[in-house]
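Here is a short briefing on a protein model and its ligand. Look over the sequence and structure first, then read the points below.

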Amino acid sequence: MRYERPDTIQDATALLANADANSFVLAGGTDLLVRMQNDDFEADIIVDIKSIAGMNEVTQTDDAFVIGAAVPSAALSENAPLCAAWPGVVEAANLIGSTQIQGRCTMVGNLCNASPAADSVPALVAADARVRIAGPSGTREAAVIDIPTGPGKTSLQTGEIIEALVLPAPRSSSGDAYLRFIPRTEMDIAVVGVGVHLALDQSGAISAARIALGAVGPTVVLVEEAANAVIGTRLEKDALDALAAACSAASNPINDKRGTVAFRKQVAGVLARRAVQTAYTRAGGK
Ligand SMILES: Cc1cc2nc3c(=O)[nH]c(=O)nc-3n(C[C@H](O)[C@H](O)[C@H](O)COP(=O)(O)OP(=O)(O)OC[C@H]3O[C@@H](n4cnc5c(N)ncnc54)[C@H](O)[C@@H]3O)c2cc1C
């Protein structure tokens, strides 16, 4: 196995471009190295992206936060403007594993590992985040929701690397939140995860909403019916009931020892109610 640590994105994509080699990007390694240790696969080339310029930085522009693909979760909570703008995204990233894991793991690694239960992905989808992708034939952008295509599978092509996550600058009077249910207090995989982003109009009513569910389908489910249930409301009881019902109905989870289908569907509704109320308060709603 070759280990490479290139300094440029061009060198990195060139190393990954050989379709016959079993090659992998290495960010924090908290999924990749565990899988290698478990002998899940034989790797020919491992391309460590942590020395590439910009990969370890969070930059703020007028209209976005650009988070380099190698920025670990722990660094996000130290970025005050990001925490103020996107507290739900940061709290999702800071639920991953433990303090030790968060010192290494990245949101882009969480996304590209394509686990249906990945914690940061519903929060990023609710935020309408995008990714910048570099590949052998140039760069492109894609919505986060379009990257995972099924458990362990992504839409990335041979040689492509995600360079950065792009979170839009939040509009005024908006807020986000992420909640998950796990059977233990930490170090467990989400049985259900819910990401919410809301914006309010001047009267305090909800003018826009994105509600994304994790761990209840092969990929994140963006529930338009749930958004429609709360738009135009101030989260009165009827709106919350309709939101919960829409989230339960949109859930299509597996049945396993950590949760039955019926349990997961119910929890999706319960967590959506709670997450939407947190996002509403963060947006300035009363
Ligand atoms: C003890 C433990 C606890 C955990 N707890 C949680 C948890 O609570 N919630 C949760 O969601 N996850 C959890 N995880 C899983 C893991 O920590 C996360 O998925 C993490 O975010 C992966 O990020 P990474 O940078 O370490 O990814 P890596 O392991 O470096 O990479 C993961 C995958 O993504 C690919 N990849 C990485 N970066 C890029 C890129 N820039 N472009 C293209 N492909 C890329 C890699 O090739 C690999 O296939 C846990 C893992 C462990 C070991």
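**The ligand and its surroundings**

At least two residues of the shell around the ligand come from each of strand 2 (23-26), helix 2 (32-37), helix 7 (107-113) and strand 10 (161-168). Helices (H or I, at least four residues) and strands (E, at least two) are DSSP runs, numbered from the N terminus. This is a predicted model: local features need pLDDT of at least 70, side-chain atom pairs count only at pLDDT 80 or more, and totals for chains, interfaces and linings use all residues. Residues are numbered from 1 along each chain as its sequence is written, and side-chain values use heavy atoms, with hydrogens and water left out.

**Shell**

- The ligand has 31 residues around it, and Val-25, Thr-30, Asp-31, Thr-106 and Asp-119 come nearest (a residue counts if one of its heavy atoms lies within 4 Å).
- Helix 7 gives the most to this shell, with 5 residues.
- The shell has 19 nonpolar, 8 polar and 4 charged residues.
- Ala, Val, Leu, Ile, Met, Phe, Trp, Tyr, Cys and Pro count as nonpolar; Asp, Glu, Lys and Arg count as charged; the others, Gly among them, count as polar.

**Atom pairs and burial**

- Asp-31 places a polar side-chain atom 2.5 Å from an oxygen atom of the ligand.
- Thr-106 also has a polar side-chain atom by a ligand oxygen, at 2.7 Å.
- Leu-95 uses its backbone instead: an N or O atom lies 3.4 Å from an oxygen atom of the ligand.
- Taken alone, the ligand exposes 990 Å², and the protein buries 87% of that (Shrake-Rupley method, 1.4 Å probe).

**Cavities**

- The whole structure holds 2 cavities of 30 Å³ or more.
- A cavity is a set of points, on a 1 Å grid over the protein atoms alone, where a 1.4 Å probe fits but cannot get out; lining residues have an atom within 4 Å of a point.
- A volume is the space filled by probe spheres set on the points.
- The largest cavity has a volume of about 50 Å³.
- Its lining includes Ala-114, Ser-115, Pro-116 and Val-220.
- By class, that lining has 8 nonpolar, 2 polar and no charged residues.
- The second largest cavity holds about 30 Å³ of space.
- Thr-106 is one of the residues that line this second cavity, as are Met-107 and Leu-165.
- Strand 5 (64-68) and helix 7 each supply at least two residues of its lining.
- The lining of the second largest cavity has 7 nonpolar, 2 polar and no charged residues.

Conventions
Polar contact = N/O pair within 3.5 Å; in protein donor to acceptor, adjacent residues only side chain to side chain. 1 Å grid on protein atoms, 1.4 Å probe; cavity = no way out; pocket = protein on both sides within 12 Å on 5 of 7 lines; lining within 4 Å.
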